[in-house]
Structure formats: structure tokens, C-alpha cells
Amino acid sequence: MSENAAGAVIVISSHVVRGSVGNRAAVFALETLGHPVWALPTVVLPWHPGHGRSTRLTFAEADFDAAIDDLIRAPWIGEVKAVLSGYFGNAAQARSVARLIAALRQNNPELTYVCDPVMGDLGGLYVPEATAEAIRDHLIPLASLATPNRYELAWLSGAALEDNSAIMEAALALGPSRMLVTSAVPMMAGGTGNLYLSGRHALLAEHRVVENPPNGLGDLLAAVFLSRLLSGLEDEKALQLATASVFEVLARAVKRGSNELMLASDASSLSTPMAMVQMRRLVHPAQRRKK
């Protein structure tokens, strides 16, 4: 993929010294797949806090906002075709990124913005509620694609999501024209799924559950799926390849006994995954309403 065809991607998320989460996962994946990346950290940590004590290095809100101003005024800003945001250190950062998206779209209305609302999981929110609210109120409305897990979507929509029909209804109500929901309700025993919903498609990509997975899977999936869409693939093929890549990287890391995804060792899984993924076409909510 040529640099001009790929387009540059601004990635805004956490940075760890050791590991493959946040920007470390997304930047590696996008560069492996041929995209120049502009990487802006929101916080810096030695490693994922799940591994133990991890000192959090933060930026003053005014300094982060000034860096956003620099990006908006950058002479190379025309290179940028997409923005991907993930974990935020505070609510002000989310509002600053909303300003960045609005400014970039003045020059390029076709800019793709992927909002990965990294805010919580089955145990609830792990960011302050003000940060989650800023993502919901300022970034989700701007997103070309949002990639929440099921629990994040439940918080964003204020609805209990016990089945895939409820997930799809919540995704449609939330607003982005495309939604990729991880941890969807599986149809195969012992499986897990990624549910993708657009104005035309309702797709479920399933694979077997891998126990005790390392962190960073959502960061990786958002980046790989974005790359596949930017390359011009149809939605179904993009979902199949992105899901296969993440599943393959995950399975290989766990087989080696690693507590982190091993992206450098498994770069071929990003470009040419071999893992099998079960693809299903679901009944789109719009089709049910016509009956």
C-alpha cells in the first residue's frame, strides 16, 4: 500500500513503556499495514495497571490543548485521512479532540473518525464519570465509527443489553452510522463475537473464547478494522480479516504464556491472518420494522 493511498492516521490514546495496549497496539498495527501514524499520548505509564503498580504520568490540560492547536495548524495536516481515539486521561482531553475533529473536517469533510470509547467493562467504569460523559456527549456524535465493548455501549445507551437485538437497537439509537461492538452475545457454544452494524449490514464475526487474554485487544481491533476500511474493503471482508487478525494474535500470545500481546512476533497475523472466523448475517433492525 502506497503512503498516499494509505493516508496518515492520528492516534490518540494511552502509551505504555512495556506492553501492547493503547497507542502501542494501535500504532504498531497501523504502521504494519502501511499507514503513516501521528501518535499523541493522553497518559504515559510503565505498563498496564493490571500488572501492578504503574506510575501515571499526565499532561496539564492547557498543554494538551496547545498540542491539539499545533496539530490543527500543522503544514502536513492534509496527509491525515483518519483519526482514532482511545483512552483519555480526563474529560478536557476528550473535548480537545472533538475540537480537532471539527477543525479537520472543515478542510476534509470525508475524514474518518473512529471513537473507541475506552471507559469500562463488566466491572463498570474505570474512568471518572465526567470523562465517560465527555466521550458520550462530545465524541460519539462526531464518530464515523464507534467501537465500544458491550458494557461500554450499555453505559452509553443506558440500556441493558442481554441479546444481540438489544445491542443493535442501542447501536442505532446512539448515533454513529457504523458501530462495531465487541463482546457481543455469541451464537456458537464457547464463543465470543464482534457485532457490526451499519445502515445496510448487521454482521456477527465469531471465534472461540480464549481464557485469560492479555489486554489491548480492543485497541488492536479498532486499528486493524480502520485500516481495512481505509484500504477500500467491503464491510464484511474488513470485519472478517480484522477479527481473524486479533484472534490469531491473541491465541498465539496465550499459547506462549505471554501476559502481553506479542505484536512484533506476530506481525504477519495483522497482514495475512489464517485463523478461521465464523461470519453470520443477522436480521437488521430496519428489516424487522418493515414486517
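Predicted model: local features only at pLDDT ≥ 70, side-chain atom pairs only at ≥ 80, totals over all residues.

Modeller: Residues are numbered from 1 along each chain as its sequence is written, and side-chain values use heavy atoms, with hydrogens and water left out.

Biologist: How much space lies in the largest cavity?
Modeller: On a 1 Å grid over the protein atoms alone, a cavity is a set of points where a 1.4 Å probe fits but cannot get out. Points are joined across faces, edges and corners, and the volume is the space filled by probe spheres set on them. Searching the whole structure turns up 1 cavity of 30 Å³ or more. The space in the largest cavity comes to about 60 Å³.

Biologist: Which element gives the largest share of the lining of that largest cavity?
Modeller: Lining residues have an atom within 4 Å of a point, and here they include V11, I12, S13, D116 and D219. Elements are DSSP runs numbered from the N terminus: helices are H or I with at least four residues, strands are E with at least two. Two or more lining residues come from each of β1 (8-16), α2 (23-32), β3 (80-85) and α8 (217-230). The largest share, 3 residues, belongs to β1.

Biologist: How many charged residues are in the lining of the largest cavity?
Modeller: For the classes, Ala, Val, Leu, Ile, Met, Phe, Trp, Tyr, Cys and Pro count as nonpolar, Asp, Glu, Lys and Arg as charged, and the others, Gly among them, as polar. The lining has 5 nonpolar and 5 polar residues, and the number of charged ones is 2.

Biologist: Now the largest pocket: which residues are the closest to its centre?
Modeller: A pocket is an open set of grid points with protein on both sides within 12 Å along at least five of seven lines. The largest one holds about 1400 Å³ of space. Out of 47 lining residues, the closest to the centre are N149, N215, G216, L217 and G218.

Biologist: And which element supplies the largest share of that pocket's lining?
Modeller: By class, the pocket lining has 22 nonpolar, 18 polar and 7 charged residues. Elements that supply at least two residues include β2 (37-45), α6 (150-157) and α9 (235-255). The largest share, 4 residues, comes from α8.

Biologist: What does V97 contact, leaving aside neighbours within four places in sequence?
Modeller: Contact means heavy atoms within 4.5 Å. By that rule V97 is in contact with I12, F64, I68, S85, F88, Y113 and L139.

Biologist: Which parts does the aromatic pair tie together?
Modeller: Rings of Phe, Tyr and Trp (its six-membered ring) pair if their centres lie within 6.5 Å; planes under 30 degrees apart are stacked, over 60 edge-to-face, the rest tilted. Y196 and F225 form an edge-to-face pair, 5.5 Å centre to centre with 70° between the planes. Their places are 29 residues apart in sequence, so the pair ties together strand β9 and helix α8.

Biologist: Is N212 buried or exposed?
Modeller: N212 sits in the loop between β10 (202-208) and α8, and has a positive phi near 50° though not a glycine. Buried means under 20% relative accessible area, exposed over 50%, and partly exposed in between (1.4 Å probe, protein chains only). With a relative accessible area of 71%, N212 is exposed.

Biologist: How far apart in space are S269 and L241?
Modeller: S269 is in helix α10 (residues 267-271) and counts as buried at 0% relative accessibility. S269 and L241 are 28 residues apart in sequence, while C-alpha to C-alpha they are apart in space by 9.6 Å.
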